[in-house]
Amino acid sequence: MAGTAPRTARSAGRRAGAVALAAVAGMAVAVQSRINGELGVRLDDGLAAATISFGVGLLLLLVLVPATRSGRQGLSALRAALGAGTIRPWQCIGGACGALLVFTQGATVGTLGVAVFTVAVVAGQSASSLVVDRAGVGPGGRQPVTGARLAGALLTVAAVLLAVGGRGLEPAALGLTLLPLVAGIAVAWQQAVNGWVRVVSGSTLTATGVNFVAGTTVLLIAFAVSVVVRGAPSGDLPTEPWLYLGGLVGVLFIAIAASVVRLIGVLVLGLATIAGQVIGAVLLDVLLPTAASQPSLRTVLGALLTLVAVAVATLGGRLRALPTRRRPS
């Protein structure tokens, strides 16, 4: 019993650190949305923007994975796991879901704005995360839909609605919100399967690389079909270097998510990244405003409420789960 308290404290510390890292990843998503949305507007082609974003990230990983010991060992471990059936091939294509999210950033943010885009993604991700956790798709195993976790998900949606309340949308553009809604649903599954790749490979770098290979492959095929059907993008490639950093930001997000999902589960990971995303959006609006920026008291209150939602889902879910963990198998 004497060693139980220190172990519990260490476990709580690791979970708190994982939640903080997930929030940082969420801030990265806010930055990525701004970059890819602007690139999509400049090119007048959201699919081209997404392909460039993923392609830049993949180029970086094609250098880092084989050049590092962790990356090489991770690839060997992943091949062995696939051969032994420890992990299935379909669990290695989570990047396709990430490709959908990045495509929706480039295709819809310019029309919907970051605010409405975020609401749609949050709604899909919050609902899907509950289902994914309950089904045990992620490496953390089955996690019950407790009252605290459900309340955290609902509070997060309410927080984002509060943050963007009062911002109208043209009726003709309402159908466009289905894209980020579906992307949000897919993100929860992506985080779960990427977590499995991280576990069996033992390498965050390898898991991130596998994600970008799958996503870039899907986007290249879709872009090739688009060029054949519609022709090349009408916009010129912009000269500003920062517009090509979306893929590097995506590498950071995927690496963090794959590392921490085993510790905190898909739902809490999603809520923490949402909190970071809303806070990051507020900071971007204040520090780097654009014509569409509308920082307000409602936005700040919404950001604070997302932090409350993460605390409710994390602490409440942990307290409810303790009795279950103590039962002998």
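Buried means under 20% relative accessible area, exposed over 50%, and partly exposed in between, with a 1.4 Å probe and protein chains only. This is a predicted model, where local features need pLDDT of at least 70, side-chain atom pairs count only at pLDDT 80 or more, and totals for chains, interfaces and linings use all residues. Residues are numbered from 1 along each chain as its sequence is written, and side-chain values use heavy atoms, without hydrogens and water.

Me: Is Ser 33 buried or exposed?
Reply: Ser 33 sits in helix H1, residues 4–43 (helices are DSSP runs of H or I, at least four residues, and strands are runs of E, at least two, numbered from the N terminus). Its relative accessible area is 1%. The cut-off for buried is under 20%. Therefore Ser 33 is buried.

Me: Which side chain makes a polar contact with the side chain of Ser 33?
Reply: A polar contact is a pair of N or O atoms within 3.5 Å; within protein, one must be able to donate a hydrogen and the other to accept it, and residues adjacent in sequence count only if both atoms are side-chain atoms. For Ser 33 the distance is 3.1 Å. The partner is Gln 105.

Me: Why does Ala 281 count as partly exposed?
Reply: Ala 281 lies in helix H8, residues 246–287. Partly exposed falls between the buried limit, under 20%, and the exposed limit, over 50%. Ala 281 is partly exposed because its relative accessible area is 21%.

Me: How many helices does the chain have?
Reply: The chain has zero strands. Its pattern along the sequence is α-α-α-α-α-α-α-α-α. The helix count is nine.
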